[in-house]
Amino acid sequence: MSTVDGRGSLTRSIVLLTSAVAAVAVLLTGLFAWRTIRTNAEAQERDQLSRQAEVLARTPPLASWMLDRQQRIAGPEDIKLAIVRPSGEIDGPAAVAVDAASREALLTGDSVSTTARLDGDDVLLEGAPTLVGGGLVLTQPMGAVDQATNRMRGSLVLPLILGLTGAALAGALLARRLARPLVTAARTAHLLSEGARGVTVPAEGPAEVAELAGALNTLDTALTHSENRQRDFLLSVSHEIRTPLTTARGYAEALADEVITGEEVPEAGRILRTEIERLEHFVGDLLALARLEADDFRLDIVDVDLDALVAETATAWSARCARHEVDFRVERPERPVLITTDGFRVRQLLDGLAENALRVTPAGQPVVLALRADGPGALLEVRDGGPGLTDDDIEVAFVRGALTDRYRGVRPVGSGLGLAIAHRLAGRLGGTITARGGAPEGGAWFTVRLPPYPGAPYTPLTDS
């Protein structure tokens, strides 16, 4: 895939970027080297000229021979000589280039390295003191420095071109190494979006690219798990809806065909009403869960006295439990427990937990609703004397339909949505809900912790 939405490919972008960076680096290096070469060339020429001057200063016969030769044969020689006598007199073709400062330095035994003018041109001037006093001076035109500079600059062009070419090739290799796993990851992402599952991306390339591959593989696993859960949930929903619908349809057809008549009609109506209420309750749970999972779920936050709310809840549930011969108990401080929350949603949460407890609690066993102040927040509990929860049950207690599927046909089960709704409600209220077995009454033990107001962090004072 060369372009996406009109944008260039990653490979091309990386090649262009690395080439541009290399070009800038080569340009800056070249400019720096271009200026440095001149300095180095002059230093090399001075060093060579200085060594020649020192050799001639230590061998007076050779220096005298060269001076005599240059005085007798006037020619365009590059290197010219001058001798500073101990008396201060200066002889030789380069005499006019030796200024007073250079002469005084040589007479005092110091070397001289400077630039001077000779025959209208700039020249390098190097001088060394002689063994008998005075000194010897050599000059060389700046043209020699220019020639050396041009030679060195010429040799710089090829390395710069090779460096630029190498950078472009390295960029192409880097782009290919980066782009290949990214293209694979993009292709896998498209497959996932189209519904494919079980596709994996090899974790290769740099750490960030490998991390992307790992994230896509994790996403694939999560999608597979989520879709399996949704499929199982839909099957569970279908089962829950089909049972009351089948019963209702059967009785409706019997009534329509006058199979049920006379004194049997009220009983058939009662059964129809029960199944319809069951179906209505299940659909209500589905809608409640959908609203809880929506981003615009609304809370009416006000100051709430949880003690009064628990007393009201206990009044309603004591009557229901009595009809099932279940011993309902309430534990509350009987003094205000004030927090800022949505009282209607707290009551909905307690009703859901109480209904779940009543369903599994046999006659003669207790259901307990408890309230305690817990630091700045509050702690609510619903405990029962039912069969309780295993460690495996606790791990999936708040997963939609998990316990319903596990215990269907074993003990009374509901829609499979009640505990999931309770979990979402607790979270929406800024609190937490936990489940465990081993309640003092012998069954399940659900604990809800509510903060003083939604979003307020606090440290619970109780361990339960």
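Which residue forms a salt bridge with Asp122, and how far apart are the closest N and O atoms? The partner is Arg117, with the closest N and O atoms 2.8 Å apart, where a salt bridge is a side-chain nitrogen of Lys or Arg within 4 Å of a carboxyl oxygen of Asp or Glu. The model is predicted, so local features need pLDDT of at least 70 and side-chain atom pairs count only at pLDDT 80 or more, while totals for chains, interfaces and linings use all residues. Residues are numbered from 1 along each chain as its sequence is written, and side-chain values use heavy atoms, with hydrogens and water left out.

**Overall make-up**

- The chain has eleven helices and twelve strands, these being DSSP runs numbered from the N terminus (helices: H or I, at least four residues; strands: E, at least two).
- Of the 464 residues of the chain, 37% count as buried; buried means under 20% relative accessible area, exposed over 50%, and partly exposed in between, with a 1.4 Å probe and protein chains only.
- The accessible surface of the chain comes to about 25900 Å², of which carbon and sulfur atoms hold 56%, the areas coming from the Shrake-Rupley method with a 1.4 Å probe and, for residues, with only the protein chains shown counting as cover.
- Among contacts between residues at least 6 apart in sequence, 63% join residues at least 24 apart, a contact being heavy atoms within 4.5 Å.

**Nonpolar cores**

- In soluble globular proteins, nonpolar side chains tend to be buried together.
- A nonpolar core is here a set of buried Ala, Val, Leu, Ile, Met, Phe, Trp, Tyr and Cys residues joined through side-chain atoms within 4.5 Å.
- The largest such core has 42 residues, of which Leu306, Val346, Leu353, Leu380, Phe446 and Leu450 touch the most other members.
- Elements that give two or more residues to this core include the helices α7 (306–323) and α8 (343–360) and the strands β9 (366–374), β10 (377–384) and β12 (445–450), and α8 gives the most, with seven residues.
- A second, separate core consists of 16 residues, among them Ala41, Leu49, Ala53 and Leu124.
- Once neighbours within four places in sequence are left aside, Val346 is in contact with Leu306, Leu309, Thr341, Leu380, Leu429 and Leu450.

**Aromatic pair**

- The structure holds one aromatic pair, formed by Phe398 and Phe446 in an edge-to-face arrangement, with 6.3 Å centre to centre and 70° between the planes.
- Rings of Phe, Tyr and Trp (its six-membered ring) pair if their centres lie within 6.5 Å, and planes under 30 degrees apart count as stacked, over 60 as edge-to-face and the rest as tilted.
- The pair links distant parts of the chain, since Phe398 is in the loop between α9 (391–395) and α10 whereas Phe446 is in strand β12, 48 residues apart.

**Salt bridges**

- Side chains of opposite charge can pair when their charged atoms come close.
- The count comes to 19 salt bridges.
- In the Asp122 pair, Asp122 counts as partly exposed at 38% relative accessibility, and Arg117 is partly exposed as well, with a relative accessible area of 49%.
- Glu381 meets Arg372 in a salt bridge (3.5 Å, N to O) and meets Arg383 in another (2.7 Å, N to O).
- Arg372 counts as partly exposed at 31% relative accessibility, whereas Glu381 and Arg383 are both buried, Glu381 at 1%.
- Glu331, Arg372, Glu381, Arg383 and Glu441 are linked in a network of salt bridges.

**Surface patch and individual positions**

- Val24, Leu27, Leu28 and Leu31 make a nonpolar surface patch of about 390 Å².
- Patches are made of residues with over 30% relative accessible area and no salt bridge, with like charges joined within 9 Å and nonpolar side chains (Val, Leu, Ile, Met, Phe, Trp, Tyr) within 5 Å.
- Leu31 lies in helix α1 (residues 10–58) and is partly exposed, with a relative accessible area of 49%.
- Leu417, in the loop between α10 and α11, is buried, with a relative accessible area of 0%, and its C-alpha is 5.4 Å from that of Arg400, 17 residues apart in sequence.
- Thr184, in helix α4 (residues 142–193), is partly exposed at 21% and, with neighbours within four places in sequence left aside, is in contact with Val201 and Pro202.
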